[in-house]
Amino acid sequence: MSMFNAGIAGIVLLILFFFVGMPVSFAFALAGVLGFFYVGGIEGGLSILAIETFSNFSSYGLTVIPMFVFMGSLTFAGGISAKLFDFGFTLFGRIRGGLALSTVAACAAFAAVCGSTAATAAAMGKVALPEMKRYKYGDSIATGCLAASGSLGILIPPSATLIVYAMLTEQSVGKLFIAGVLPGLLLAALFALAVILWCFYDPDIAPPGPATSIKQKLIAFAKVSDTLILFFVVMGGLFTGWFTPTQAGAAGAAGALIITLVRRKLTWRALLEAFEDTIKTSCMIMVLIAGALIFSRFLAVTGVPRVLSDWIGGLPLSPFTIMALIVLFHFVAGTVLDSFGLILLTVPVLYSTILKLGFDPIWYGIIIILVVEMGVISPPEGLNIWIVRGLAPDAPMQSIFKGMIPFCLAILVCAVLLMIFPQIVLFLPSFMSY
């Protein structure tokens, strides 16, 4: 068997591991090690396993992960999700679909200090779903809006998925974080537009709520102002170069700790749970990266990325058309593959092709993160679908799936806009020097 065929066999084996239910990190590591067993013998396979694992876990750059995860865990313990929703409710609650708009705004703000789609959907769902049920919102718009808005945690920094992409491609975590800000806000605006249009065509699906006074709005804003200031300090420090990504994460974690202490929300139990969540999530991400790097090294040895890059580059198609096909592939594959797994599988294979076509790697990272975001809300693998299902067990699955359609279209529109106007992604990073 030629080296190229060995690489293709490794990809097929990896996909087979996915479909039999093997954890993503173990699937990558096992496929990579078995591949090295074939091309370099058992000793070579074990050697690369030890080297990649040690170099990954000892990397200073990865210390950014536990810092931002701890920041998100502390803000969750501080009950910020309820306060963010209350603030959104005072702003939008009186208009038709206002609770859904409040959910979009609150999820965008919570994603800015959390970075996890699952945590964002779960935290906001416990607050938003009972309120939307109380005001007789339709199951489809309530569950669809929550699941889609929770997925903003992938794109709006800090994002664990962006860190993974940075590690795979050796790009700047800081630039990727800053690059995700405007696309994240654009997507949140498109989600809000989807809610408004839905309510326009079906006014009964989201009745208006009560009006609130200026005083109530100011009080609600005061309750979340410290958390919003924390986000702007962390992201502003990254943007201006005051902080490295790791320092920004440490500053964010320290700020979140101070906020929860001042609010008297930090019990010993909450602190221990934050530590436990940080350890579990950080270890999961690091093992994912280690497994993906082992497999990508195997692919590099077999020459699959180079051959694929040459083949795609020789197609009689424009670079934009090729990029559109790559995006379409990720849309389809995201419905059956985990978002982390899809990124870890495709980035090592397609990255050299993207560079050869002349696309900016920062822009490509945001595009791919955005595209796989649809997988989070697409059946059958959509994680946020099942989180929302657990929070709303009485909602029919048909209604939940129906509720995803407008927001999937919003993600598609956002992807098209970013492809046509790449400066939406690249504008802020262009001012950064590192």
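1. The helices (H or I, at least four residues) are DSSP runs numbered from the N terminus. This is a predicted model, in which local features need pLDDT of at least 70 and side-chain atom pairs count only at pLDDT 80 or more, while totals for chains, interfaces and linings use all residues. Residues are numbered from 1 along each chain as its sequence is written, and side-chain values use heavy atoms, with hydrogens and water left out.

2. The axes of helix H9 (residues 160-169) and helix H17 (residues 339-356) come within 10 Å and cross at roughly 25°, the axes being lines fitted to C-alpha atoms over the stretch in contact, with angles from 0 to 180 degrees between N-to-C directions. H9 is therefore roughly parallel to H17 (angles under 35 degrees count as roughly parallel).

3. On the H9 side the contact (heavy atoms within 4.5 Å) is made by Ala160, Thr161, Val164, Tyr165, Leu168 and Thr169, and on the H17 side by Phe340, Ile343, Leu344, Val347 and Tyr351. These residues divide into 9 nonpolar, 2 polar and no charged (Ala, Val, Leu, Ile, Met, Phe, Trp, Tyr, Cys and Pro count as nonpolar, Asp, Glu, Lys and Arg as charged, and the others, Gly among them, as polar).

4. The structure holds 16 aromatic pairs, defined by ring centres of Phe, Tyr and Trp (its six-membered ring) within 6.5 Å, with planes under 30 degrees apart counted as stacked, over 60 as edge-to-face and the rest as tilted. One of them, Phe28 with Phe295, is edge-to-face, at 5.7 Å centre to centre and 70° between the planes; Phe28 lies in helix H2 (residues 24-57) and Phe295 in helix H14 (residues 268-302), 267 residues apart. Both residues are buried (under 20% relative accessible area, with exposed over 50% and partly exposed in between, for a 1.4 Å probe and protein chains only). Phe28 and Phe295 also belong to one aromatic cluster with Phe18, Phe36 and Phe298.

5. Ser151 sits in the loop between helix H7 (139-150) and helix H8 (152-155), and counts as buried because its relative accessibility is 0%. Leaving aside neighbours within four places in sequence, Ser151 is in contact with Thr117, Phe191, Glu373, Val376, Ile377 and Asn384.

Notes:
Helices (H or I, at least four residues) and strands (E, at least two) are DSSP runs, numbered from the N terminus. Angles under 35 degrees count as roughly parallel, over 145 as roughly antiparallel, 65 to 115 as roughly perpendicular and the rest as oblique.
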